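The following note concerns the packing of helices in the model shown here.

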Amino acid sequence: MKRGHLCTPLFLLLIIGVSLRDAVAQQVTWDSTARPDVYAPRVALMKTFRHSKKDIVFLGNSITFWAEWQALLENRHAKNRGIPGDTSYGVLERLDEVTGGKPAKVFLMIGINDLARNTPASVLLTNFERIVSRIKAESPATEIYLQSMLPVNESFNKLPAHTSKHALIREVNSGLEKLAAVESVTYIDLYRHFADAEAKLKREFTWDGVHLTAEGYAKWSEILKQGKFLK
C-alpha cells in the first residue's frame, strides 16, 4: 500500500507533464501579416479615388467587395472599400485611405478571414477597438457603424476553415455589441436577419456558406434602409 501511494504522485506528474507538452505543441498561432494577393493593387487603386465628406464608406472583405453599393442603396455617395480575403489587420494597415477622406459614415464588417486564420476572438475584438479608436482620432466627424458578422453554413461543403466558426462568430458579435455601447457608436445586428432556425446562414442568402447571393445583398440593403442608417 505504501509503495502504491508513493508512485501515484509521480504518475500524476508524468501525466500532467505530457498534457502540458501536448498543449504547447497544439497552441494556436496566427499570422497578422498575411495579405491576399489582390491587397496591394487594390489599396493602390483606392488611393487614386476622389474623396468627399459626403462619402458613405463600406469597409470590409469580399462580402463587402462583391456588392454594388451605389445601386443597392440608390445612393451615389456609397463607396466600396472591400478587399477579398482581407482581415482586421489589413483594415488597420489601410485605414488612413478611409479616414483621410473624412467620410460622413463608415460601415464596417470584417472578421471571418481572421477567424479562418485562427485569430482568437479576443484579438479580433481588440483590433475592432483599434479601428474605432483610429477613426475617431483621425476623422472625428465620421459616424461609425459596427455591423455584426454574418452566420455561416457548412452544408455547402466549401470553405471549411470559415464555415466551422459558428460559436466564435457569436462570441465576436456579442463583443461588438458591447464595444459599440462603450464607444457610443452604432451596432447593426445583421446576424439575426440572416440566420435560420439552426443559427446557420440561410441557404437563399448564400451560394457557398459564406458569400452572399443577390437575395442576401438585397436583404442587407433593406436592413440599412429600414433602419434609417443612411440618413
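1. Helices α7 (residues 121–138) and α9 (residues 166–183) are roughly parallel to each other, a term for angles under 35 degrees. Their axes come within 10 Å and cross at roughly 30°, and the crossing of α7 past α9 is right-handed (the near helix is turned clockwise from the far one by less than a right angle).

2. This is a predicted model, in which local features need pLDDT of at least 70, side-chain atom pairs count only at pLDDT 80 or more, and totals for chains, interfaces and linings use all residues. Residues are numbered from 1 along each chain as its sequence is written, and side-chain values use heavy atoms, with hydrogens and water left out.

3. On the α7 side, the residues that meet α9 include Leu124, Leu125, Phe128 and Val132; their partners in α9 include Leu168, Val172, Leu176 and Leu179 (contact means heavy atoms within 4.5 Å). By class, the contact of α7 with α9 has 9 nonpolar, 1 polar and 4 charged residues.

4. Helix α7 also packs with α5, at an angle of about 10° and with the axes 10 Å apart. That makes α5 roughly parallel to α7. The residues of this contact divide into 8 nonpolar, 3 polar and 4 charged.

Methods. Axes fitted to C-alpha atoms, helices over the stretch in contact; angles between N-to-C directions. Helix = DSSP H or I, 4+ residues; strand = E, 2+ residues; numbered from the N terminus. Parallel < 35°, antiparallel > 145°, perpendicular 65-115°, else oblique. Nonpolar A, V, L, I, M, F, W, Y, C, P; charged D, E, K, R; others polar.
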